[in-house]
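Please look at how side chains pair with one another in the model shown below. The report that follows takes up charged pairs and then aromatic rings.

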Amino acid sequence: MSIQETNPDLTFADFGFAEPITRAITEQGYIKPTPIQAQSMPHVLQGSDVMGAAQTGTGKTAAFVLPILQNILPFASNSASPARHPIRALVLTPTRELADQVADNAFKYAKFTDIRTAVVFGGVDMAPQTAQLRSGVELLIATPGRLLDHITQKTANLSQVQFLILDEADRMLDMGFLPDLQRIISLIPAQRQTLLFSATFSPEIKKLAQSYLRNPVTVEVARNNAAADTVRQIVHMVPSERKKDAVVKVLNARIQQGLSRQAIVFTNSRIGCSKLASALERSGIKAGAIHGDKSQIERMQILDAFKKGVVDVLVATDVAARGLDIADMPCVINHELPFNAEDYVHRIGRTGRAGAQGDAIALVDSSEEKLLLDIEKLMNRKLTRMPVPDPAGGPAADPFFYMPYQAKAAKDAKDTVSATDSPALSEVPPKNAGIKSAPRPVGALLGGFKKK
Ligand code: AMP
């Protein structure tokens, strides 16, 4: 295994993508490959197994979908016969949201080819998925449980899969999907190319890779467990009974400073999540809750409302932490610290994406000091403690809130360190580079939500 260097001058043209794929890349407005793309795509195109350490927001979806499309393009067919459209590439993701997100991008990247793409995940009616699978699909994105349902019903056949992608593999293990993964992989031909992406390379992930990857090339664009440098992390020490008020104060202080109203607030429990959303509503803040007790339809509705700006604040449990591609989310608030320090890194990975600046604010009470120390140890940095802002005290009460949220200028993006050290799209000028005013329209803040 080796960690590859990135040539900073690489462009998409260097990869020799076929015209329909190049057209899709151009349509997306991608100018340069991101570090994870520049490092992993040559190996994927050459047929090597790849083990990629990349945080969400680094462009990792395109890093595997684009070369896989290129690799299966010779098999693409415009025949109507399902037999001509077997599943050739399978992407497994831990959550429904991530599956939906990956599929959303895959549809865009494949739209000018004859390659058929579909997504299957639980919590929604199986019938439309069954119909789609029966008519033939080359690139399938799935969560493990629902895929196994389709396999049992014989609507999904993996005997012709040549490409297997395990996305957010660490999360799949955390969520107890190992037996499902083992069962699914046992149905896929051994002669295949396997790619594994994970935010961290824990010993368990290394073991998984040893079992299922062959001489993988390791690519890594972020230090393990590092948060993006563009995220400003602040800790407010707040007794637990005052946390709800603190969230309201933080949000109102931001609005007072002309910052975006948008934020994701993380809570640890489903009940706490719903309660906090209701409490924010009562305080005049348009909020919605997204957690595991909500049906898939409800989750999609709330995401849609967030996307359209009907709600400004999404209160979420970790179920929402992974799958959501929210480009340029200005602010993440941790109402409680997660029990697992790595989850903190994932949570705050919702902000500071694509080189933009973001604020990650944690409300910490005395019972959580140990969790805070764990996080600081994991990230190898001390977080700044500050008093809760007081909107009534005016801007002078908290100089932190003077700083308007702004897309990181293209100039700054160039100043980044080497790709191996730099997390998240740091070499790619953000779409609105140079625009300093806030707030920005909701549509500009939300990158990858499924367009209905
Ligand atoms: P991901 O890490 O796959 O969730 O991607 C994060 C965001 O980066 C998505 O909104 C992509 O559309 C965007 N993206 C991916 N590749 C590029 C690129 N080369 N240039 C600019 N944006 C990109």
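## Salt bridges

K60, D167 and E168 are joined in a network of salt bridges, a salt bridge being a side-chain nitrogen of Lys or Arg within 4 Å of a carboxyl oxygen of Asp or Glu. The model is predicted, with local features needing pLDDT of at least 70 and side-chain atom pairs counting only at pLDDT 80 or more, while totals for chains, interfaces and linings use all residues. Residues are numbered from 1 along each chain as its sequence is written, and side-chain values use heavy atoms, with hydrogens and water left out.

A search of the whole structure finds 19 salt bridges. Side chains of opposite charge can pair when their charged atoms come close.

## Pairs across the chain and within a helix

D359 and R232 meet through their side chains in a salt bridge, at 2.7 Å from N to O. This pair links distant parts of the chain, with D359 in strand 13 (residues 358-364) and R232 in strand 8 (residues 231-237), 127 residues apart; helices (H or I, at least four residues) and strands (E, at least two) are DSSP runs, numbered from the N terminus. D359 is buried at 2% relative accessibility, whereas R232, at 21%, is partly exposed (buried means under 20% relative accessible area, exposed over 50%, and partly exposed in between, with a 1.4 Å probe and protein chains only).

D293 also forms a salt bridge, with R270, and the closest N and O atoms are 2.7 Å apart. Because D293 lies in the loop between strand 10 (287-290) and helix 12 (296-308) and R270 in helix 11 (residues 270-282), the pair ties together parts that are 23 residues apart in sequence. D293 is exposed, at 54% relative accessibility, and R270 is partly exposed, at 43%.

In the salt bridge between K108 and D104, the closest N and O atoms are 3.9 Å apart. These two residues are four apart in helix 4, and are therefore separated by about one helical turn; both are buried.

## Aromatic rings

Four aromatic pairs are found in a search of the whole structure, where rings of Phe, Tyr and Trp (its six-membered ring) pair if their centres lie within 6.5 Å, and planes under 30 degrees apart count as stacked, over 60 as edge-to-face and the rest as tilted. The pair of Y30 and Y109 is edge-to-face, because the ring centres are 6.1 Å apart and the planes are at 65°. Y30 is partly exposed, at 26% relative accessibility, whereas Y109 is buried, at 3%. Ring pairs link F12, Y30 and Y109 into a cluster.
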